[in-house]
Amino acid sequence: MAEKKKLRIQDLAKIREKTRALTTIRESEGRAKVTVHMGTCGIAAGAREIMDALLDEMQKNKVQDVIVSTSGCAGLCNREPMATVEFKGQPPVKYVDLTPDKMRKIFAEHVLCGRVVPAHALAVGSETVY
Amino acid sequence: MKQYRAHLLVCAGTGCVSCGAFKIKEALEKEIQKRKLQDEVLVIATGCNGFCERGPILMVHPDGVFYQQLKVGDVPFLVEEHLLKGRPVKKLMYIPPEEKEPIPKMKDIEFFKHQRLIVLRNRGRIDPEKVEEYIAFDGYEAMGKALAEMTPEKIIAEITASGLRGRGGAGFPTGKKWAAGRAAKGSPKYLICNGDEGDPGAFMDRSVLEADPHAVLEGMVIGAKAVGAEKGFIYIRHEYPLALKRVVIAIEQARDNGLLGEDILGTGFNFDLEIVEGAGAFVSGEETALIASVEGRIGMPRQRPPYPAQKGLWGKPTVINNVETWATVPNIILRGAKWFSGLGTKTSKGTKIFSLVGKINNTGLVEVPMGISLKDVIYGIGGGIPGGRDFKSIQIGGPSGGCIPAKMLDLPVDYESLTEAGAMMGSGGMIVMDDKTCMVDIAKYFLNFLRDESCGKCVSCREGTQRMWEIVKKITEGKGTERDLVVLEDVARTCKDASLCGLGQTAANPVLSTLQYFRHEYEAHILDKRCPAGVCTALIRYVVVAEKCTGCLACKTACPTQAIKGTLKDVHLIEQAKCIKCGACQEACRFEAIEAQREEAIQVI
């Protein structure tokens with residue numbers, strides 16, 4: 001077996017940077033949170049593809065400080081698939097009638113740059129999971 | 001590193017493993033495969049979460065939802081609901097005793113809320129078998145700092161200023177010990193990690209080793225630089241297979257990554273570790289006995305001084321610290337002595353881990369700031385006594401600790417207060433007892449353990465523990481006399497004063513503290529031939545209370561010796577000649593129709 005590269009002090013910080021996603025998710029303190037609504041209605045309307053697109057964008061853009069979560073039906077089943085984008089200290093924004101492409105756009109605009117995408121947004125407001 | 005949207009952290013401490021944690025993990029992985037979520041959801045095994053009462057335990061992140069007492073059959077539903085549909089499953093959440101609503105998040109549960117995690121900061125948070133995860137949470141940063149930026153003197157000064165005291169029992173200031181090791185002449189110098197945790201009902205060190213083995217390694221490398229040692233030993237009980245396995249993996253990974261061995265982190269510092277397996281003798285927790293055991297001799301203590309810091313392993317300067325002490329060190333180096341000494345009391349700084357067991361609702365492992373009151377531990381974190389019974393006493397400090405009575409519930413938990421009250425910090429075992437516990441019986445139990453574990457070197461301990469046990473046993477059988485109490489106290493004081501090591505010196509604690517606080521119970525056994533708690537079998541007999549008995553046959557079914565006569569809906573009768581007084585009938589009865597009464601025959605004598 002090939003000898004593994006020995007670490008230097010500066011390597012510790014590099015490992016920490018690489019594993020930031022891990023600490024973010026377990027400490028539950030992301031910069032932002034995206035919730036894909038995955039009730040029965042959401043799944044039937046294609047929430048799965050929305051989730052795939054979102055995770056793909058995250059990976060591609062090497063975003064590590066955004067928490068991705070799922071939730072149940074938001075009560076507006078005819079506008080599914082839906083997703084909610086939430087920034088710390090700001091009211092959450094709900095997006096409706098999503099497609100993977102719309103999700104990618106929302107990710108680029110809202111999650112990365114902080115600009116709400118009014119074309120796909122339903123409303124600003126909150127809901128609780130529990 | 002691959003990104004996942006959810007992490008499932010299965011507790012894989014010994015407690016949860018023994019109730020099926022690995023089967024839960026397997027089922028989770030299978031179900032996640034089946035649902036094609038394997039690229040989104042990561043399942044890992046962590047060290048002990050602490051809430052052992054409720055195992056197997058699963059934490060779901062990022063939500064922070066706490067699931068408990070899982071069964072393999074719950075897994076498909078949980079995965080479908082929580083991970084596929086995003087609906088946390090209420091019925092698998094924790095419901096506090098005597099409440100109806102579940103608490104979804106770990107941080108809101110009383111048991112976790114009042115704890116302050118420093119040594120256990122990574123418990124239930126990282127995979128202890130992956131060094132990257134330890135590094136992700138600031139692991140080995142303190143070591144880097146100590147090796148690159150600090151002189152040995154500065155490290156010792158920092159530890160001294162922090163006020164850290166040995167977590168293994170006696171509470172000797174760690175900085176002072178290191179300074180003595182540094183000043184001692186002789187080479188090579190050695191470090192030892194004392195993981196010989198032998199107290200019944202205590203599992204602090206085991207959990208630290210299982211949940212965060214790298215923290216111990218990191219602490220030892222820092223200590224090595226301070227003391228000037230190049231070689232260290234980790235002494236672990238053979239009975240801790242999981243802890244052993246994880247330490248072996250940790251050492252391998254640390255070596256592979258240049259975190260242990262030669263030229264650590266490229267700083268030119270060398271230090272390596274070796275594991276020594278202990279055969280499980282309680283006395284080997286004593287440092288000179290432990291050294292003897294590492295050297296391959298019988299674990300027996302010797303006269304001090306010279307202290308191990310001067311003449312230890314193979315006659316060379318040796319610094320021995322307990323697992324918890326070593327694991328505390330990186331926190332102090334990283335966050336500073338001032339931060340650490342800001343926690344705790346005037347003489348006892350920082351936090352301490354306790355294993356909370358016995359008659360308590362929330363059995364488990366807790367880390368609390370020093371100086372917290374017993375009441376906060378028992379009623380706040382521990383959730384009180386099951387079945388609404390009364391709290392009677394808490395036994396602190398392992399078998400040779402002492403029993404503290406209910407009236408002293410406001411006692412702060414620190415080294416001095418506990419010793420003054422007749423108990424001791426010990427390594428941190430806390431055994432809670434309710435009003436159905438007989439204190440004489442408890443003293444007998446611990447004396448039985450100690451007479452077994454006494455190494456036999458000192459007469460006062462070898463004979464003392466044996467005689468104390470015999471006398472207390474006699475008392476529990478209703479054959480004690482008033483004279484026995486005088487002899488008992490005398491033997492106890494001799495054992496305390498004349499024994500060489502900590503075992504003998506504290507072996508009398510169970511007797512002395514129960515005599516001090518519960519003398520009336522001894523007297524009831526001797527004078528009235530009565531066991532007030534109804535525990536000592538020679539002094540009680542079980543009878544059916546005719547007015548309460550519904551004739552349900554539950555006791556009859558439970559009785560292992562067929563001593564109970566009766567038919568359905570008729571009052572039952574216990575045949576005393578056949579009864580072995582095991583109490584199974586009393587436990588089985590739902591109508592409190594079985595009473596432990598005073599044994600009449602003995603009363604006549």
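Predicted model: local features only at pLDDT ≥ 70, side-chain atom pairs only at ≥ 80, totals over all residues.
Local features need pLDDT of at least 70, side-chain atom pairs count only at pLDDT 80 or more, and totals for chains, interfaces and linings use all residues. Residues are numbered from 1 along each chain as its sequence is written, while chains are lettered from A and ligands numbered from 1 in the order in which they are written.

Start where chain A meets chain B. Each chain gives 31 residues to the contact (C-beta atoms, placed from the backbone, within 7 Å). On the chain A side, the residues split into 14 nonpolar, 11 polar and six charged. Here Ala, Val, Leu, Ile, Met, Phe, Trp, Tyr, Cys and Pro count as nonpolar, Asp, Glu, Lys and Arg as charged, and the others, Gly among them, as polar.

Now look inside chain B. An automatic or database assignment sets the domain bounds. Among the domains are domain 3 (351-434) and domain 4 (439-527) of chain B. Their C-alpha centres lie 22 Å apart. Domain 3 of chain B brings 12 residues to the contact, and domain 4 of chain B brings 15. The domain 3 side has six nonpolar, six polar and no charged residues.

Helix 7 (residues 152-162) of chain B packs against helix 8 (residues 174-183) of chain B at about 155°. The two are therefore roughly antiparallel (over 145 degrees between N-to-C directions). Their axes, lines fitted to C-alpha atoms over the stretch in contact, are 7 Å apart.

Technical notes:
Contact = placed C-beta atoms within 7 Å. Axes fitted to C-alpha atoms, helices over the stretch in contact; angles between N-to-C directions. Helix = DSSP H or I, 4+ residues; strand = E, 2+ residues; numbered from the N terminus. Parallel < 35°, antiparallel > 145°, perpendicular 65-115°, else oblique.
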